[in-house]
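Work through the exercises below with the sequence and the 3D structure open. Each solution goes step by step.

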Amino acid sequence: MVDIESEAHQTVPAAEVEEVELYHATSFWTKYVFSQDAKIIAIQYSCVAIGIGLVALVLSSLIRLQLGFPDMFDFITAETYYQFVTMHGMIMVVYLLTALFLGGFGNYLIPLMVGARDMVFPYVNMLSFWIYFLAVIVLVASFFVPGGPTGAGWTLYPPQAILSGTPGGTGLGIILMLLSLALFIVGFTMGGLNYVVTVLQGRTRGMTMMRLPLTIWGIFTATVLALLAFPALLVATVMMLFDRLLGTSFFMPSLVEFGEQLSYGGGSPILFQHLFWFFGHPEVYIVALPAFGIVSDLISTHARKNIFGYRMMVWAIVGIGALSFIVWAHHMYVSGMHPYFGFFFATTTLIIAVPTALKVYNWVLTLWNGNIHLTTPMLFSLGFLVTFLNGGLTGLFLGNVIVDIPLSDTMFVVAHFHMVMGVAPIMVIMGAIYHWYPKMTGRMLDEQMGKIHFWVTFVGSYLIFFPMHYVGLVGVPRRYPELGDSAFIPESVATLNSFISVAAFVVGFAQVLFIYNLISSLRNGQLAGHNPWRATTLEWQTPQTPPGHGNFDELPLVYRWPYDYSVPGAPEDFLAQNDPGQRTAE
Amino acid sequence: MTVVLIFLMGVVGTSLWWLKHQRLTSKPWLETGLDNIENGTDNVGLSKPKMGLIVFLAVVGMLFTLFFSGHFMRQEIEDWRPMPLPPVVWINGILLLAASIYLQAALIIARKQKRDLSYLSPIYRRLIFLRGVKSPDASIKHLLLYACVLTTAFLIGQLVAWKSVKNDGFVLSGNPANSFFYVLTGLHALHMLGGLIALFQTTAISWNDPQPEKLLSRIDLSALYWHFLFFIWCIMIFVMLGWTYDPLIELCQRVIA
């Protein structure tokens, strides 16, 4: 039997944590604009990321307008369609998901959850946000330059990316895209150094690595991946800029364009593909690992149950992180690679399924016999679980060379990665916002609106992406603005495309409700109190809500792991990490 | 991409070594209390700035390794014409090495802070031109100044190298080998320049308001950064000369095959 000794803390010798010097802002500008406080930086990151994400959402609606109702809208030409597709993909993957998970949640949660006053290098952290902001401005600027933004596809494959046949290829579009990416990477590296070093060196006393909430493990490992993977994109970006602006031939083979021999020669487009996917595949896990971590904490808190297999969860996060660097060429099965090469990458790809499946089992087993509260964060977590599983299963298809080759460049691939990398992480982001919004603002989001938002988004996403698998299986290629009278494409595809588009508009519109909820709850939301979800982690134990500058009055001391839920005999069914009450087995 | 994977193996190895000390096999759900856990916090034993620099150097290392990897892959295509390196790069190498040695000497002295410098071997003292200087503070500020001057000379030397290859007709877009020469040396010089700005600040502190504690940390970081960039510079020269290509890559290819 387990019992609580509430007086036990008196026997613990007085313990203190070494204080650190903290920067104190004095003016409005240094407090809220050029702020060095990680919480403000987190909110800045989140607002910009969500803002630019909404642009990408509008772009996706425009894409669906064209696919669902081709030839109906004069303002969507083949060129603008390519531009919409490119910018939608790039914004969603890099400027929304990466920035929101690491810059937003990372900044907000790392110092609070590890029991630190702030990030270790606050000034560099501030620079990180402003460089990110500049990257977003450069990206947005490309919409307004002559020729418009690049339409090269989010992978920006050369040689087409910098040729005149591609929208923005010979204008400013591609240059601004590459510059913006380079800026993003520089900015991210500054932030990333902060996240890693704060987790390594900024933890409070008693907070060992094996007592970190899984959210922090996810963000920490994802940041390490990002620090090592983004340089590959930077290298590709720099080389392509040189090719485009200074006439080098890193990637550009010799070409004849409109009967004219270009000055390029000998370059290797495959080299670009290697560099791009060496970044591109870890990027999937840069987005997925924080989602894995956050969802573990949400499930545990809202099911009032300790996480099943904490150690395995940590090992799986680290294992997935390491494996993600040796699978990149599964994006290049159709690039003419050696069959043995493909076999190697298919094998490593399928091996990743092992730690990933382990995590899914552990989430399910955490839910098993739990006291499940169907709050909005929990609904989104369950939505993630199902969606990630579905998306992951089609990943097994595409990981196999022999199955991938016929499916390559079809809508099946689009459906797969939108399920696994689009909808699934977005579910977690939504759940996390509903979960932590009370801590960030002191008020709850409206649960009724939250539930409507969840159901429309969840069911709607399935109505969009399930039929899309079928569309892909019958052979409809991706990146085609219209299909014309192709003999192999049945009538049903056109009907389904219209249906998918209508579903997409509904889901898009549901996000307006979410934004409305975010804004209106700032004033009208129910007061949250300091720990509305009765959670154990340190961010809920701050003296003020929202936490003040420096987070804690006195730095907390950590006495236990973060998953002591449903503890028999505990006054509130849980024990916070800084609760010195000891469990003693009798 | 083989070299990238080799570099990554190094990173993974270091990470595994570190993880080994994090009690990954412990059962945190059974352990409560503050003091019965070993290594409560700060268990890497490095200062925060040093840890930050080490992580940053891993990123810089990755960046250069990826460029080297690109170099290897690109040089297999037949239009590659190796470019002879201008002789001035060897002088530049010596300048950078000297700057690195000076910073190391400054670090040794800053760590000991003893009045006489007899613990430095006579050869080392002669090497760093410190025969006349006696006090630690004075020697540190002189050494830092020498390092600044040498690094500036290195950067000017690199400009001379660029001009010299350009005059010989090896322009940026002439051949991919030339392109890699300009991009790699340019990128290295940018990193050097960033470090030099920080070193100028450190030197200014040492001349105006020497606070031994603060100075020690800054010299420590500068020395590490300089050693690392000198190391990168050496590999870069080997790669551009094509020396690494035949034996190393063939060996790797054979291992993989």
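**Exercise 1.** Find what share of the residues in chain B is buried.

Solution. Buried residues make up 37% of the 257 residues in chain B. A residue is buried if 20 or more other C-beta atoms, placed from the backbone, lie within 10 Å of its own, exposed if 12 or fewer, and partly exposed in between. Next, the secondary structure: chain B has 8 helices and 0 strands. Helices (H or I, at least four residues) and strands (E, at least two) are DSSP runs, numbered from the N terminus.

The model is predicted: local features need pLDDT of at least 70 and side-chain atom pairs count only at pLDDT 80 or more, while totals for chains, interfaces and linings use all residues. Residues are numbered from 1 along each chain as its sequence is written, and chains are lettered from A and ligands numbered from 1 in the order in which they are written.

**Exercise 2.** State where confidence is lowest and where it is highest in chain A.

Solution. Begin with the average: chain A has a mean pLDDT of 92, and 96% of the residues score at least 70. pLDDT is the predictor's confidence in each residue, from 0 to 100. The lowest mean, 43, belongs to strand β1 (residues 2-5) of chain A, and the highest, 97, to helix α4 (residues 122-141) of chain A. Over residues 1-14 of chain A, pLDDT stays under 50. Where pLDDT is low, the predicted coordinates should not be read in detail.

**Exercise 3.** Describe how helix α6 and helix α7 of chain A pack.

Solution. Helix α6 (residues 214-246) and helix α7 (residues 269-302) of chain A meet at an angle of about 160°, and their axes are 8 Å apart. Axes are lines fitted to C-alpha atoms, for helices over the stretch in contact, and angles run from 0 to 180 degrees between N-to-C directions. The angle therefore makes α6(A) roughly antiparallel to α7(A) (under 35 degrees is roughly parallel, over 145 roughly antiparallel, 65 to 115 roughly perpendicular and the rest oblique).

**Exercise 4.** Determine whether A:I299 is buried or exposed.

Solution. Locate A:I299 in helix α7 of chain A. A:I299 counts as buried because it has 27 C-beta neighbours inside 10 Å. Leaving out residues up to four places away in sequence, A:I299 touches A:W363, A:T366, A:L367 and A:S381. Two residues are in contact if their C-beta atoms, placed from the backbone, lie within 7 Å. Finally, A:I299 and A:H88 are 211 residues apart in sequence and 31 Å apart in space, C-alpha to C-alpha.
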